[in-house]
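Q: Could you walk me through this structure, one piece at a time?

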Amino acid sequence: MRGGGCLTMQDTKLIRRNGLIKDIRRNKFSYLIILPALIYTFIFSYCSYPYILIAFQKYNYEKGIFGSEWVGLKNFEFFFLSRKAPEVTWNTIYLNFLFIITGTMLAVVIAIMLNELKCRIFVKNTQSIMLFPNYLSWVVVSYMLYSFFSTEHGIINKVIEAFGGNRVNWYIQPNVWPAILVLMRIWKGAGINAVIFLAAITGIDEFIFQAASIDGANRWQQIWHITIPLIMPTVTIMTLLAIGKIMYGDFGMIYALIGDNGVLYPTTDIIDTYVFRALRKIGDPSHAMAISLFQSAVGFLMVYGSNWVTRKFFSEGALY
Amino acid sequence: MKKFSMGTFLIYLFVTLFSIFCFLPMLLTLIVSFSDEMSIMRKGYSFFPEKFSVQAYRLIFQGGSNVMQGYAISTFVTVVGTLLALLITGLAAYTLSNKNVKYRNAMSLYFFVTMVFSAGVVPWYMICRALKLYDNIFALIIPNLLFNPFNMFLIKNFMSSLPDALRESATIDGANDAYIALRIYFPLSLPVMATVGLFYGLAYWNDWWNAIILVDNRNLYPVQFLLLQLKSQIQMIRDLQYLGGITTGPLPSESVKMATAIITIGPIVLLYPYLQKYFVKGLVVGSVKG
């Protein structure tokens, strides 16, 4: 279909011989309407790449990228020698790891369960409920969390008190927060992931199940030997994408739920919140850029690494 | 009809419990927002308050707080932003799906590169500052959310799946490119446009990132960001009080806080049937096939 089906052979040759200008002249309207997107992407994406260089500068807003002083790797040194570097890197990876493992497993389990249920009304209604949290912003979610964990009025403390225990000020206990964050992540995301996996399951050819059934396989065996192997590619792709992004924390989640509560930083402060503070609170864009660059570099290796592993051991799941 | 086995029962039980787990926090927020302030003070948040009251909502709607202004900002930003974003994305998608355009794949690559390589927050912030997208209403609309290549590819894939005969027969009948796009391709692509429109709309409505990074003026805060500020202030004061016994003036009441959260969800509840229909479908297509 080179050159479009509506054209004769001669026209096709004409287009191929001439370059971009000719093509634009032929398709004025098409090129005109894509222009806003091209310009927008050029400004907000392509023009942003040179700014990466400020990681090696002591950036000055007045002097700009060309006038600022070059400092080599000072910004990186400052970050890597600080106590915060291992802390935020570890938290980012650890929390994301927990989210991926718990979220994926639970979503797969729920998807398989929903597929087993034959009562359509029940499945539809429970799905509607499970999906709803996905549409809420983390700010709204933080209020819901607060209604449970608030020191003074929170339900959990009320329950503890009712059983004769003492109130716990959850917002000054760093150790419990990874668990709380995992819980909230499941609460918000498990439903939508389950629906995605459910779509993968319903895409499986019904005949395979029927054939297995005739051969005497029970439901459990069918799940174990048909459903799970056949949705593994989808699960792997989604996990792979998540691992590729393991260096990128969920700023919206952490900042909405934790905010500027420094007491909780040891277990919850991630690269993204740290970059945000370096940029907006401390006002050091070069330092922020250096950390951000470190994040991208490791993130890039993660994508390649995880894909390499998958291709080696599980070829259908690999992305490229 | 198969027997109602133990396994099936356990599955029903588990799914029901998980749904309750998802539902309870929302229910609690709703009930607290309708609770009488005094009963919250006495008994804390509760699913069974001593007394119900609409006082919190009355306070908000009478302008007792700046929530309504934030609501107006959010609404404006969402409507204008979504329409603009949909326009830019849809138009670009059409060109990429147009097989007469020779360089469409090159342009796809041009967009795709930006999805893979992102320079991060800092350059983005610098560009917004340089474009004077700072501390004004455009700072909430133009950066970050206005155009997303992923959404564009979603529309493009849909348009590419339409039969080529459509374009060919229309061309033979004398229709030009603009006519084919506006009268044939866009009307046929309404479902996917609805999906992408909901993606954008939800992102704009729930966004507070642009506000936290690019806006200082309190009068421009969207409702989500106001909500965040409200919480962090209150929480900080609460924790301080609890730790050191510092007393402060009256705080915004508990029920008003929760009522603000509830009215922030309002539009999402209203659009929920459409979200279920289009949003989920788009997400499934995007993640399973993309």
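**Salt bridges and a helix**

A: A:Arg83 is exposed, with a relative accessible area of 64%, where exposed means over 50%, buried under 20% and partly exposed in between (1.4 Å probe, protein chains only). This is a predicted model, in which local features need pLDDT of at least 70 and side-chain atom pairs count only at pLDDT 80 or more, while totals for chains, interfaces and linings use all residues. Residues are numbered from 1 along each chain as its sequence is written, chains are lettered from A and ligands numbered from 1 in the order in which they are written, and side-chain values use heavy atoms, leaving out hydrogens and water.

Q: Which residue forms a salt bridge with A:Arg83?

A: The partner is A:Glu87, with the closest N and O atoms 3.5 Å apart; a salt bridge here is a side-chain nitrogen of Lys or Arg within 4 Å of a carboxyl oxygen of Asp or Glu.

Q: Is A:Glu87 buried or exposed?

A: A:Glu87 is buried, with a relative accessible area of 15%.

Q: New topic: which residues of α5(B) are buried?

A: They are B:Arg104, B:Met107, B:Ser108, B:Phe111 and B:Thr114, helices being DSSP runs (H or I, at least four residues) numbered from the N terminus. Seen down the axis of α5(B), these buried residues fall within an arc of 120 degrees, so they line one face of the helix; the arc is that of the directions from the helix axis to the C-beta atoms.

Q: And what is exposed on the other side of α5(B)?

A: On that other side, B:Asn105 and B:Leu109 are exposed.

Q: How many helices does chain B have?

A: Chain B has 15 helices and zero strands, a strand being a DSSP run of E with at least two residues.
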